[in-house]
Amino acid sequence: MAEEKLKKPEEMFDVSLTPEAGDWMEPAVSFRKGTYCYGAPLKHQRYLDLPNQREWQPGDADWKLPPDWKETILEGMERLIKRHRSFRLFLDICVRCGACADKCHFFIGSGDPKNMPVLRAELLRSVYRRYFTPEGRIFGRYAGARDLTEDVLKEWFYYFFQCTECRRCSVYCPYGIDTCEITMMARELLNLVGCNIQWVIEPASNCFRTGNHLGVPPHAFQETLGFALDELKDLTGIAIEAPINRKGAEVLFVAPSADYFASPHWYTFLGYLMLFHEIGLDYTWSTYASEGGNFGLFHSMELAKRLNAKIYAEAKRLKVKWVLGGECGHMWRTLHQYMDTFNGPADFLEEPVSPLTGTRFENARSTKMVHITEFTADLLYHNKLKLDKSRNDQWKITFHDSCNPARAMGLFEEPRYVIRQTCNHFYEMPENTIREKTFCCGSGAGLGADENMEIRLRGGLPRANAVKYVKEKHGVNMLACICAIDKAALPPLLEYWVPGVGVCGVHELLGNALVMKGGQERTTNLRGEPLTPPDEATDVR
Amino acid sequence: MYLSYSIILILIIIGFSYVAAGLLGCRVLLGIIVPYAAGTIFVVGFVYRVILWARSPVPFHIPAVCGQQISLPWIKSDKIESPHTSWGVVSRMVLEVLLFRSLFRNDRVDINKPERLIYGGNRWLWLGAMIFHWSLLVILLRHLRFFIEPAPGCIEVLQSIDGFFQWPLPALYVTNIFIFLALLYLFGRRLFNPQVRHLSLLSDYFALLLIGSIASTGILMRHFYKVDLMQIKRFSLGILSFDPVTPEGIGTIFYVHLFLVSVLFAYFPFSKLMHMGGVLLSPTRNLMNNSRMKRHINPWDYPVKVHTYEEYEDEFRAAMKEVGLPIEKE
């Protein structure tokens with residue numbers, strides 16, 4: 001929890017979306033505890049060969065910037081402008097119509113006008129105008145241009161690490177201006193002078209070395225997997241096997257590392273293991289590619305590519321045919337929109353085909369990587385699994401679309417199909433808050449730290465508020481999602497704003513409902529909670 | 001502050017052209033030199049900016065997807081909001097450009113105490129923008145009758161539809177009223193919506209005032225000063241055929257109108273008004289959602305330092321061997 005005592009929810013909710021008078025062009029940031037993340041530790045800066053290595057904290061008056069920091073940033077900006085059409089175009093064409101203003105969860109939760117996506121972008125745009133456009137060079141602030149000063153840089157840091165790159169605003173923008181692109185570019189620039197946060201750099205560095213964000217070495221991975229198998233033996237009475245680093249398997253399975261470490265991710269992890277055993281999938285885990293998530297994406301395109309390279313490298317080394325990916329948000333942004341470009345072509349793999357149903361996943365024919373809910377929905381559609389929905393009857397479920405599978409992939413129906421097939425009670429949140437209009441958990445893009453808890457809770461307010469609505473209306477007590485960050489971020493968020501609603505993965509629901517061959521009668525769900533007796537669980541709808 | 005500056009700026013522009021044309025008689029300057037200069041800046045500037053964007057690489061495949069992807073055959077995909085064919089993309093762009101699809105989605109959030117967020121429809125901005133842009137287009141097309149002799153039939157038809165009410169004389173064009181109302185709304189929104197006011201820059205007010213002044217002078221000419229249309233036609237045909245003549249017997253108001261238009265043209269390539277050309281090139285809208293089907297190439301891709309499996313195994317070999325994990329090298 002944050003070092004300062006958190007406000008009560010009703011105090012925190014006391015937000016005004018009416019900006020106070022004043023000129024946003026004056027850079028003004030106070031690094032108040034609870035609203036920003038710690039700086040990256042020196043050890044991890046070193047391991048990744050990052051620029052301007054030093055111990056520093058954003059709250060320090062002196063950020064120990066290199067003497068030529070300004071030139072470095074401006075040169076970097078010029079490079080980005082040449083490399084990305086999105087950057088130049090999005091900086092040029094905004095008309096400041098303000099349609100995006102109240103679409104950002106951080107603005108709704110904090111009322112801070114610089115969290116309106118348009119103003120967040122103006123922080124960068126004003127500097128672009130000053131140094132890269134004739135009108136800005138000549139007319140200065142009358143053309144909306146600002147000098148690049150240390151205060152402006154600090155403001156960038158504060159607000160670009162207060163954006164979760166969720167892309168909700170870009171859905172509403174008449175030109176598709178994507179604040180995620182703007183934030184990514186701003187973070188690339190900040191990195192050039194060594195300004196990044198612990199919660200991004202440490203996982204990235206761990207992932208580079210050990211293959212996963214948590215820094216789990218191979219033997220510990222095996223041990224963890226062993227715990228899960230023991231737990232499943234007790235639960236189902238079945239001795240399940242889970243191969244690791246096995247060459248020649250048909251499928252390489254890659255999940256976010258939180259799945260085998262954190263809670264409630266763990267139950268989703270159990271769900272995967274049960275499913276793969278039940279269908280007899282010829283697959284393997286990998287310790288070298290033991291992470292699907294990619295915190296490099298929150299640092300720079302280059303670091304994202306460096307971390308992502310392991311998945312194809314490992315698929316090649318293990319001589320698998322295709323790759324299956326677990327439940328994770330930004331992992332799927334990387335896999336769906338970047339991986340093939342970064343590290344393809346995957347011409348050593350084959351077009352994915354489900355070994356059970358024969359379905360060809362033509363939508364993944366180039367990247368050769370399939371989302372687990374696509375895979376499972378296909379199995380369910382072809383009746384390959386025996387299910388007992390009533391085992392999920394203690395829960396009234398709603399589904400939270402995770403930002404990236406929603407707005408990068410359009411993965412809306414697959415997870416919902418799995419939920420409907422495995423649960424009796426499913427209720428949607430209001431339509432302005434789901435699918436492509438879904439609200440972020442407020443902790444994505446590397447902002448899931450503890451020290452910034454206040455701003456996380458504020459950012460998560462719109463999501464939580466929609467959950468509250470279905471809780472009051474339908475008695476919803478469980479939120480299902482397909483993102484590891486969600487599973488980590490939403491439990492404290494909901495505990496704060498909507499106590500009494502839990503968080504689970506979609507494959508946890510599947511694991512609960514799955515009737516396994518040779519399995520014993522189940523008395524508890526995957527969490528060890530007693531199953532409601534069938535006669536009490538009748539549907540009251 | 002920005003608001004008052006932009007009003008002063010507009011007044012200076014109007015005052016300058018009024019004094020120069022009406023009192024000093026600089027008709028060649030305002031009637032010939034300035035329009036040609038402005039036209040040149042517009043064409044060169046516009047083309048330059050669009051080429052600059054079009055030639056900038058799109059290294060990654062980043063559409064913002066707003067509908068169900070194509071995946072399993074029994075799941076209905078959204079062919080427009082998550083396009084996977086060229087037709088889908090074209091449809092998406094057409095909806096975006098002609099009907100402002102994304103703006104149509106707009107909603108507004110209200111904080112309804114205690115502790116409830118309410119999302120209401122908010123299509124006023126969409127309506128204002130639609131009326132403004134479509135009226136502007138019709139007005140531009142109507143002006144073609146000054147530049148083409150004889151005026152094309154379709155323009156005549158458009159004009160007669162627009163002047164449908166036949167009252168007063170000359171007929172009041174519907175689009176003239178519409179564009180005025182739309183401009184009033186857009187301007188009022190900048191002034192009275194606290195969020196929009198907070199983020200507005202000088203150029204935001206200036207663009208609206210400039211277009212508003214052009215529309216006002218145009219309406220004044222048509223309904224109050226009643227300028228000689230044949231003279232104007234002679235003038236515009238002269239401009240187009242590079243054989244310019246300064247019109248005689250047309251009031252100063254025409255020169256003010258013409259100068260305002262020239263300012264707009266010259267200002268255009270340096271301003272946010274370039275959104276007109278930019279929207280078509282937006283990579284979040286004009287790409288198919290097919291990045292797992294077809295590899296997208298990054299033209300400036302370069303090799304990066306990776307941590308290879310060999311390096312990884314070198315670090316962890318002993319531990320892996322001890323727990324029986326397969327290894328490459330003994």
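Domain bounds here come from an automatic or database domain assignment. This is a predicted model, in which local features need pLDDT of at least 70 and side-chain atom pairs count only at pLDDT 80 or more, while totals for chains, interfaces and linings use all residues. Residues are numbered from 1 along each chain as its sequence is written, and chains are lettered from A and ligands numbered from 1 in the order in which they are written.

**View 1. The two domains of chain A.** Chain A splits into domain 1 (14-30 + 51-195) and domain 2 (204-536). Their centres, taken over C-alpha atoms, lie 33 Å apart. Where they meet, 17 residues of domain 1 are in contact (C-beta atoms, placed from the backbone, within 7 Å) with 20 residues of domain 2. Helix 5 (105-110) of chain A gives the most to the domain 1 side, with 5 residues; helices are DSSP runs of H or I, at least four residues, and strands runs of E, at least two, numbered from the N terminus.

**View 2. An open sheet in chain A.** Here 3 strands run in the order 5-6-7 with parallel pairing; two strands pair if DSSP finds at least two bridges between them. Strand 5 (397-399) and strand 7 (502-505) of chain A are the edges, each pairing on one side only. Look for Met478(A), whose bridge partner in strand 7 of chain A is Gly502(A).

**View 3. Chain A meets chain B.** This contact draws 95 residues from chain A and 81 residues from chain B. Helix 14 (residues 301-317) of chain A brings the largest share of the chain A side, 7 residues.

Methods:
Contact = placed C-beta atoms within 7 Å.
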